[in-house]
Amino acid sequence: MAIEGLTPKQIVEKLDQYIIGQEKAKKAVAVALRNRLRRIHLAEDIRDEVAPKNILMIGPTGVGKTEIARRLAKLVNAPFIKVEATKYTEVGYVGRDVESMIRDLMAVGYNNVKYEMEEQLKEVCAPKVEEKLLDLLLPGTDKKAAPQESKPAAGDVIILPSPDGTAVNNENSTREKFRQMLREGKLEDREVEVTVKRTPRGPSMEIIAGGSMDDLQAGMQELQNMMMGGRSKKKTVTIKEARKIIEEETLESMIDTDKVADIAKERVEQSGIVFIDEIDKIATKGNSGGGRDVSREGVQRDILPIVEGSKVNTKFGVVDTTHILFIAAGAFSLSAPSDLIPELQGRFPLRVELEALTKDEFKRILLEPKNALTKQYTALLETEGLKIQFSDDAIDRMSFLAADVNSRSENIGARRLHTIMEKVLEEVSFTADEHSGENLVIDAAFVDERLKGVVADQDLSRYIL
């Protein structure tokens, strides 16, 4: 795991590069991730007794819940998946069953392990790819196809090579010249004809284990391809494209898929992480009724055994969910965590409340993160030759507007900054190609000019959604 060398404090520092504030949430996540590593180092008799401490993040939209999950996906080299609780339905209803989140997680784990193995084999694979490319460029000069010494049968016509071996030497010389040109990149645009093979996989376990109509159709397609023995077709491509195709096929033949599945299954079971967003949307209030609420409660009851620990059928084998870490998040604006069924509440013992963002935090969001909006827009417009610079008073003004609108209308957190920035730079972005080579300073007056009429209107939400 990439996280292995990082302490909880270092994990928080990594998250600080992209997420402003929310120290409690970042600390909780950092400790949970570190505990995954600590558990792996325990003795086997106690390791299985240590259950993951699942986390419930509570806070309004746009404060960083999803961003924390997204950055974890890049930070942690462990099987990770983010799902929306609202896309699942109770068994018997139309929609995806909750077990599909584990099947998706296993697919992510399998692809991660396969990618790692391919990276390790690329160096070994390179000479084979080179030889196959030369075979395409020079058909019939494959040195493996050279005549072998054998006793002639009666009646065979024997053609002796020239005494000086000129023919053989010419073929080898040509092949070596092409090899040198290939290595120097001089043949990248040369077109060749390749046969693309599609190796069929076994039928998906989703056909048996359940799933949506999409899962069923995909599984039936795989089964059909397997019965037909796969499909192949010839394509005319450049050497650059052919190299990728041949490399993929060569690596595919070198990798032991059973070994990949075994390693991936171990990783998913021991270090997998599932982020369930919008879990508040399936919470039900005690005094409410109706079929929709019954379905929501049914989804909670279906999620419960997976979070507690159960065995789920996947196309790569049976996965035990006992030690998978679950992080749930929701705004809980119309409901409360207590509206979740008690059993599910108990499975998320760590609760972290994320705070609404203030003007000062909006200012930091515009300036500090590696992916700050001001840096993004500056880079985008610079591709057109237009250099823009944001003054301090412009940053202050946009931060104030974001906080002001959020306080008087629906609080959508940092997402408000996107709409303000887009409104301010709308005309600049539209005519950027006409101002190549120019420098433009965005100050408070520029912001007010672009938002003229909007700033004067007390109901800013009519314009800044």
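Me: Which residues does N54 touch, not counting residues up to four places away in sequence?
Reply: In this predicted model, contact means heavy atoms within 4.5 Å. Leaving out residues up to four places away in sequence, N54 touches V307, I324, L325, F326, R347, F348, P349 and L350.

Me: Is N54 buried or exposed?
Reply: N54 is found in the loop between helix 3 (44–47) and strand 1 (55–58). Buried means under 20% relative accessible area. Because its relative accessibility is 3%, N54 counts as buried.

Me: How many Å from a polar atom of the side chain of N54 does the backbone oxygen of R347 lie?
Reply: R347 is among the residues that N54 touches. The backbone oxygen of R347 and a polar atom of the N54 side chain lie apart by 3.0 Å.

Me: Why is the pair of Y110 and F316 stacked?
Reply: The structure holds one aromatic pair. The ring centres of Y110 and F316 are 4.3 Å apart. Planes under 30 degrees apart count as stacked; the pair is therefore stacked, with its planes at 20°.

Me: How many residues apart are Y110 and F316?
Reply: Y110 belongs to helix 5 (residues 100–137), whereas F316 is in the loop between strand 6 (311–314) and strand 7 (317–320). The pair thus links distant parts of the chain, and the two are apart by 206 residues.

Me: Which residue has its charged end over the ring of Y18?
Reply: A charge sits over a ring if CZ of Arg is within 6 Å of the ring centre and within 35 degrees of the ring normal. At 3.8 Å from the centre of the Y18 ring sits the charged end of R71.

Definitions and conventions
Residues numbered from 1 in each chain as written. Predicted model: local features only at pLDDT ≥ 70, side-chain atom pairs only at ≥ 80, totals over all residues. Heavy atoms only, no water. Helix = DSSP H or I, 4+ residues; strand = E, 2+ residues; numbered from the N terminus. Buried < 20%, exposed > 50% of the residue type's maximum accessible area, 1.4 Å probe, protein only. Polar contact = N/O pair within 3.5 Å; in protein donor to acceptor, adjacent residues only side chain to side chain. Phe/Tyr/Trp six-rings, centres within 6.5 Å; stacked < 30°, edge-to-face > 60°.
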